[in-house]
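Could you walk me through this model in the viewer, one selection at a time? I'd like to know what to click and what I'll find there.

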Amino acid sequence: MEKIEHIGIAVKDLAASNLLFEKLLGVPSYKQEEVASEGVKTSFFQSGPNKIELLEATNPDSPIAKFIEKKGEGIHHIAFDVKNIVEEIARLKAEGFTVLNETPKQGADNKLVAFLHPKGTNGVLIELCQEM
Ligand code: ZN
């Protein structure tokens, strides 16, 4: 794995959180994008070399809605940049990690993504992402 690509934060109200993070980071969101297949609206901020992704559920069955119901708003996942997501999925499976989607799928921000089950990673949902 390469560097941390971004940190994902689950929020209830994306418009309100956009204003909050704009104040916090001193820069506006550079991209907002809906990922219909995941039931989320996302908003990305750049902070120096780092990125923050805010995620709001677009329906009650969205993984973000379920996360907020259980845990409230907060850090939802940590995403790592990988050069070859297919190889990385194979490597992590061989190491005993549970990959939630073994076939990479289209995520936000022009990425192919896959997730590791948080049960196997000390409670932290891990996202792998490969630039497309
Ligand atoms: Zn993400």
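Select Glu5, Lys31, Lys51, Asp109, Lys111 and Glu131: in this predicted model, salt bridges link these residues in a network.

Zoom in on Lys51 and Glu5 in that group. Their salt bridge puts the closest N and O atoms 2.7 Å apart. Lys51 sits in strand E4 and Glu5 in strand E1 (residues 4-10), so this pair ties together parts that are 46 residues apart in sequence. Both Lys51 and Glu5 are buried.

Now pick Lys111 and Asp109. Their side chains meet in a salt bridge at 3.6 Å, N to O, and both residues are buried.

For a contrast in setting, jump to Glu102 and Lys93, whose salt bridge has its closest N and O atoms 2.8 Å apart. Glu102 is partly exposed, with a relative accessible area of 47%; Lys93 also counts as partly exposed, at 39%. The whole structure holds eleven salt bridges.

Next, the hairpin. Color strand E2 (residues 31-35) and strand E3 (residues 40-47), which pair in the antiparallel sense over five bridges. Val35 stands opposite Val40 in E3. Four residues lie between the strands, and Gly39 takes a positive phi near 65 degrees.

Last stop: the largest pocket, with about 670 Å³ of space. Show Pro63, Ile64, Phe67, His76 and Leu125, the closest to its centre of the 31 residues that line the pocket. Then highlight helix H2 (63-71), which gives the largest share of the lining, six residues. Color the lining by type and you'll get 15 nonpolar, eight polar and eight charged residues.

How values were computed: Residues numbered from 1 in each chain as written. Predicted model: local features only at pLDDT ≥ 70, side-chain atom pairs only at ≥ 80, totals over all residues. Heavy atoms only, no water. Pairing = 2+ DSSP bridges. Helix = DSSP H or I, 4+ residues; strand = E, 2+ residues; numbered from the N terminus. 1 Å grid on protein atoms, 1.4 Å probe; cavity = no way out; pocket = protein on both sides within 12 Å on 5 of 7 lines; lining within 4 Å. Points joined across faces, edges and corners; volume = space filled by probe spheres on them. Nonpolar A, V, L, I, M, F, W, Y, C, P; charged D, E, K, R; others polar. Salt bridge = Lys/Arg side-chain N within 4 Å of Asp/Glu carboxyl O. Buried < 20%, exposed > 50% of the residue type's maximum accessible area, 1.4 Å probe, protein only.
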